[in-house]
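Here is a short briefing to read with the structure open beside you. It starts with a sheet and then moves to some backbone details in the loops.

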Amino acid sequence: MTTKILFLLALILTLFPNCTTDYFGFSEDTASNTSARSLVPMVYCNKFNENGFNGILISYYDWDTEQFNTNKSQLYLWNVPNEFSHPPTNYIQIHSFSIANNKETYNSSPISIEMTPDSSALSKQSILVTTIGHDLLDDVGGISINELIKTYSFTLEGINGWHGVTLSIFNAHDKPIKTAQVLIPPFAANPHTYLNNNNQEQLLFKLHPFEKIAHIHKSDKVFYNKGLEFCEASPFPLDIPAFNSSSESANTIEDSSDGFTQDLSLLPDLL
């Protein structure tokens with residue numbers, strides 16, 4: 001029976017490549033040692049507030065192809081560390097990283113960033129950069145860093161295959177003085193599922209936005225809903241499919257919600 005279902009699912013995805021089911025990841029059922037695969041609810045928007053960097057990293061949806069592009073991600077910044085402003089030789093770069101065997105590996109080349117202005121920006125042209133520095137602020141009209149992040153969105157390119165990105169303030173000696181690490185969405189909403197799917201890498205587990213409340217062992221549905229709440233901060237809507245799981249009853253989900261919300265104080269301040 002399982003084989004027939006998988007065959008039908010594969011046929012549907014082949015015939016309808018833009019179906020919303022391809023927004024979900026797949027997970028092997030290793031506990032039962034079978035080849036059964038199940039749809040996994042994902043987080044599509046990752047809010048962060050660390051070391052002065054405050055913003056949201058969003059899965060990149062290509063409206064032309066009606067599919068997510070995992071080689072890109074949309075970044076909106078709400079605040080950057082004060083260290084950027086002084087001295088004027090300080091600058092911002094973003095690097096991708098992966099974690100394996102409890103070790104971090106960084107891409108030595110900074111990420112290419114496409115800066116797209118909104119209607120209120122002085123300059124109306126998109127710019128491709130790898131560094132956000134004070135010279136760039138002069139080039140786009142002599143604006144401040146706060147004006148830049150309010151009027152530009154940032155598309156990160158070439159991130160496919162990496163676990164996350166670091167946003168860093170560098171000094172004149174090219175040394176990072178303030179850094180924030182952010183997982184690249186989409187990723188499994190349930191932190192335990194994310195851990196299992198990433199070879200029990202504890203360093204990755206600690207970067208999951210819901211790691212601090214993972215000990216409560218709440219349902220996929222609750223973690224999925226928390227991911228939806230993150231996406232409410234997105235400047236544009238995402239076409240995220242509704243959660244659907246036959247393994248969890250509505251009563252179980254409803255009963256667990258009150259206890260979960262009481263522990264939200266354990267989450268970092270992401271506002």
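In this predicted model, four strands form an open sheet in the order β8-β7-β12-β13, and their pairing is antiparallel. At its edges lie β8 (103–106) and β13 (176–183), each of which pairs on one side only. From one strand to the next, the twist averages 35°.

**Pairing of β7 and β8**
- Strand β7 covers residues 91–100 and runs antiparallel to β8, with four bridges joining the two.
- For a pair to look up on screen, take alanine 100, whose bridge partner in β8 is lysine 103.

**Cis peptide bonds**
- Histidine 86 is linked to proline 87 by a cis peptide bond, with omega near -5°.
- You will find proline 87 in the loop between β6 (67–79) and β7.
- The bond between proline 185 and proline 186 is also cis, and its omega is about 5°.
- Proline 186 sits in the loop between β13, an edge strand of the sheet, and β14 (187–188).

**Positive phi at asparagine**
- Asparagine 51 is a residue other than glycine with a positive phi, near 50°.
- Its place is the loop between β4 (45–50) and β5 (53–62).
- Asparagine 51 has 40% relative accessibility, so it counts as partly exposed.
- Asparagine 199 has a positive phi too, near 55°.
- The loop between α4 (191–197) and α5 (202–207) holds asparagine 199.
- Asparagine 199 counts as exposed because its relative accessibility is 60%, and the cut-off for exposed is over 50%.

Key: Residues are numbered from 1 along each chain as its sequence is written. This is a predicted model: local features need pLDDT of at least 70, side-chain atom pairs count only at pLDDT 80 or more; totals for chains, interfaces and linings use all residues. Side-chain values use heavy atoms; hydrogens and water are left out. Two strands pair if DSSP finds at least two bridges between them. Axes are lines fitted to C-alpha atoms, for helices over the stretch in contact, and angles run from 0 to 180 degrees between N-to-C directions. Buried means under 20% relative accessible area, exposed over 50%, partly exposed in between (1.4 Å probe, protein chains only).
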